[in-house]
Amino acid sequence: ELPFKTLFTGSVYRSYAENLIEKDDSTEIYKNYEEYLLEGFEGGLENTFFDSFWVKTAYAYLHSEDKSDDSERDELQYRPRDTVSVEAQYTCPFGTALYASLYYVANQYNYNDDASLKMRMDDFTVVNLKVSQALLDKALSVYAGVNNVFDEDYEESYGFPRPGRPLYCGFDYAF
């Protein structure tokens, strides 16, 4: 814990995986990969100084490597090196909550069928918004939101574009 109701979280990790089974996107066949190395760190800050407002931010760094003897790939595909997220919510005195989030992904790669060509995928930023209203002494909440507000064209896996700008609404009721 830090001053002013701020919480710091962090972790450092190193995973060495042997004989990992993973789907090969080019052939759609599951394949046994001899050795993978995944190492990195994550850090985040969350502040709740004001009762009606909280904000949270995080950064993650990932170094991934295919260490198999016959591999022609250095970095693992679809595992972004850098991710950043920011979330915030303000709750009005009359029960309306306004929520916003931003998610940024950078330095992600994929390979062609025989792993001879490494391609950097586009970095992307996605912004989401949501508004909700608490009713019936907070037993009922109605909400509406929009994901990908700016209609960012992006892929987390090559050839599989993510949805454009979905709108949603609904309610939650606690018995």
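Rings of Phe, Tyr and Trp (its six-membered ring) are taken as a pair if their centres lie within 6.5 Å; planes under 30 degrees apart count as stacked, over 60 as edge-to-face and the rest as tilted. By this rule the structure holds 8 aromatic pairs. The structure is a predicted model, in which local features need pLDDT of at least 70 and side-chain atom pairs count only at pLDDT 80 or more, while totals for chains, interfaces and linings use all residues. Residues are numbered from 1 along each chain as its sequence is written, and side-chain values use heavy atoms, with hydrogens and water left out.

**Aromatic pairs**

- F41 and Y59 form a tilted pair, with 5.9 Å centre to centre and 50 degrees between the planes.
- F41 belongs to strand β2 (residues 29-50) and Y59 to strand β3 (residues 53-66), so this pair ties together parts that are 18 residues apart in sequence. Strands are DSSP runs of E with at least two residues, and helices are runs of H or I with at least four, numbered from the N terminus.
- F41 counts as partly exposed because its relative accessibility is 38%, and Y59 is partly exposed at 31%. The classes are buried for under 20% relative accessible area, exposed for over 50%, and partly exposed in between (1.4 Å probe, protein chains only).
- The ring centres of F49 and F50 are 5.1 Å apart and their planes stand at 85 degrees, so this pair is edge-to-face.
- F49 is partly exposed at 42% relative accessibility, whereas F50, with a relative accessible area of 51%, is exposed.
- F4, F49 and F50 are linked by ring pairs into a cluster.

**Charges over rings**

- The charged end of K118 sits over the ring of Y109, at 4.4 Å from the ring centre. The rule asks for NZ of Lys or CZ of Arg within 6 Å of the ring centre and within 35 degrees of the ring normal.
- K130 places its charged end over the ring of Y143, 4.7 Å from the centre of that ring.

**Strand pairing**

- Strands β2 and β3 pair in the antiparallel sense over 13 bridges; two strands pair if DSSP finds at least two bridges between them.
- These two strands, β2 and β3, form a hairpin with 2 residues between them, and N47 stands opposite V55 in β3.
- β3 also runs antiparallel to strand β4 (residues 82-91), to which 9 bridges join it. F53 has Y90 in β4 as its bridge partner.
- β4 is joined in turn to strand β5 (residues 96-106) by 10 bridges, again antiparallel. Y90 has L98 in β5 as its bridge partner.
- The hairpin of β4 and β5 has 4 residues between the strands, and G95 in the turn has a positive phi of about 95 degrees.
- β5 and β8 pair in the antiparallel sense over 10 bridges. Here Y99 stands opposite K130 in β8, the lysine whose charged end sits over the ring of Y143.

**Surroundings of V127**

- V127 is placed in strand β8 (residues 124-135) and counts as buried because its relative accessibility is 17%.
- Leaving aside neighbours within four places in sequence, V127 is in contact with S101, L102, N147, N148, V149 and F150, where contact means heavy atoms within 4.5 Å.
- The C-alpha atoms of V127 and V149 are separated by 5.6 Å, although the two residues are 22 residues apart along the chain.
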